[in-house]
Amino acid sequence: MTSAMTSAMTSSDGFVPNPDAAELAAVNQQIAASMQYPDITSAEGLGAVRGMDYALSRDLKHAVSERTIPGPGGDLTLRIIRPEGPVKAVMIDVHGGGWCIGTPREDDWINDYYAEHSHVASVSIDYRLAPEHPAPAPVDDCVAGALWVARNAVAEFGTDRLLLHGASAGGHLAALTLLRLRDEHPEVAGRIAAVSLVYGAYDISGTPSRRLADHTTLVLPDHWIRGFIDNAFPGLDGEQRRDPSLSPLFARLDDLPPALFTVGSLDPLLDDSLFMAARWQAAGNHTDLDVWPDGVHGFNNMAPRTGHAVAARIASWFTARLSA
């Protein structure tokens with residue numbers, strides 16, 4: 001594995017991502033010139049951010065349905081996409097959005113892609129959002145959704161095999177969900193064949209790369225990072241934010257399934273993935289790490305050609321893990 005940030009890290013299975021450097025450079029330049037950052041700690045600013053549509057406008061090949069189940073805080077909506085033909089596994093999906101914004105619909109394109117190329121069904125969880133519902137409400141919802149999937153996978157999808165996927169705040173919540181399942185429902189955790197964690201936040205108190213972010217940092221400047229975290233984890237000091245129930249980097253990480261960590265080299269959450277991948281591997285778990293050169297936070301959703309390459313990489317990795 002190479003540590004050079006000028007080329008993608010080679011995973012242990014030998015796959016080397018090949019992003020379109022010119023496309024990413026153009027996207028980064030456009031972000032620097034035009035992106036706006038409302039105050040997400042104010043009702044007006046958060047409302048403005050929530051009012052934006054983050055879903056990728058791409059045609060879907062598979063039908064989308066929704067299911068409402070009982071949740072810890074009331075009805076919980078699950079958004080479902082299934083492939084044609086036999087289902088190899090059911091992927092529990094956790095959307096991103098800084099714990100404060102976002103919906104499962106924004107993951108439709110990527111879940112549709114996995115249905116097409118990995119033959120997996122996806123169940124995306126519409127968890128409660130901060131600041132109205134701070135921690136631990138979002139992860140409580142994700143655990144409830146994951147348990148519903150586990151209990152109904154065979155009847156609904158014809159398979160008992162599970163996958164887990166989350167990006168950004170969804171990566172954080174997916175990791176916490178997995179740890180809760182391992183400790184409280186080991187029979188469910190044992191059915192999860194693989195986990196894809198994409199530029200997640202695993203140390204809420206702040207890794208070095210996150211602490212080095214400033215007002216010029218693309219997509220996630222320092223004040224936005226602080227705002228998201230203050231909304232989702234209010235009233236906690238740095239040491240309290242390191243509690244393993246909030247920051248999975250500090251948790252015991254043994255007895256976990258294979259994981260693929262995906263992150264861009266310009267992401268202020270870069271160290272979160274580097275450190276989490278190292279601890280995941282040190283705990284004895286199969287671990288793959290992809291660092292994409294010049295990728296900012298959310299880069300795969302902003303650069304279509306690179307985004308397809310990332311999706312193809314994760315789909316290929318899922319397929320390989322399901323065949324292992």
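Author: Let's start with a rule: two strands pair if DSSP finds at least two bridges between them. The model here is a predicted one. In it, Ile81 has Ser122 of β4 as its bridge partner.

Reader: What makes β2 and β4 a pair?

Author: Strand β2 (residues 74-81) and β4 share four bridges. The rule asks for at least two, so they count as paired. The sense of this pairing is antiparallel.

Reader: And how do you know that β3 and β4 pair?

Author: Same test: strand β3 (residues 89-94) and β4 have five bridges, and at least two are needed, so they pass. Here the strands run in the parallel sense. One of the links joins Ala89 to Val120 in β4.

Reader: Which strands pair with β5, and in what sense?

Author: β3 pairs with β5 in the parallel sense over five bridges, with Val90 facing Leu162 of β5 as its bridge partner. Strand β6 (residues 192-198) pairs with β5 in the parallel sense too, over six bridges. There, Leu163 has Ala194 in β6 as its bridge partner.

Reader: Why do you call β4 largely enclosed?

Author: Buried means under 20% relative accessible area. Six of the six residues of strand β4 (residues 120-125) are buried, so the rest of the structure largely encloses it. Val120, Ser122 and Ser124 point one way, while Ala121, Val123 and Ile125 point the other, and all are buried.

Reader: What makes β5 count as mostly covered?

Author: Six of its six residues are buried. On one side are Leu162, Leu164 and Gly166, on the other Leu163, His165 and Ala167, and all of them are buried.

Reader: Which residues does Tyr114 touch beyond its sequence neighbours?

Author: Leaving aside those within four places in sequence, Tyr114 is in contact with Met91, His119, Val120, His165, Ala311, Ile314, Ala315 and Phe318.

Reader: How do you know what lines the largest pocket?

Author: A lining residue has an atom within 4 Å of a pocket point, so that cut-off decides who is in. The largest pocket has a volume of about 1,200 Å³. Of its 44 lining residues, Tyr54, Val219, Gly298, Asn301 and Met302 are the closest to the centre. Among the elements giving two or more residues are α3 (108-118) and α11 (304-323). The lining divides into 28 nonpolar, 11 polar and five charged residues.

Reader: What does the second largest pocket look like by comparison?

Author: Its volume is about 160 Å³. Helix α5 (residues 169-184) provides the largest share of the lining, five residues. The lining has seven nonpolar, one polar and four charged residues.

Definitions and conventions: Residues numbered from 1 in each chain as written. Predicted model: local features only at pLDDT ≥ 70, side-chain atom pairs only at ≥ 80, totals over all residues. Heavy atoms only, no water. Contact = heavy atoms within 4.5 Å. 1 Å grid on protein atoms, 1.4 Å probe; cavity = no way out; pocket = protein on both sides within 12 Å on 5 of 7 lines; lining within 4 Å. Points joined across faces, edges and corners; volume = space filled by probe spheres on them. Nonpolar A, V, L, I, M, F, W, Y, C, P; charged D, E, K, R; others polar. Buried < 20%, exposed > 50% of the residue type's maximum accessible area, 1.4 Å probe, protein only.
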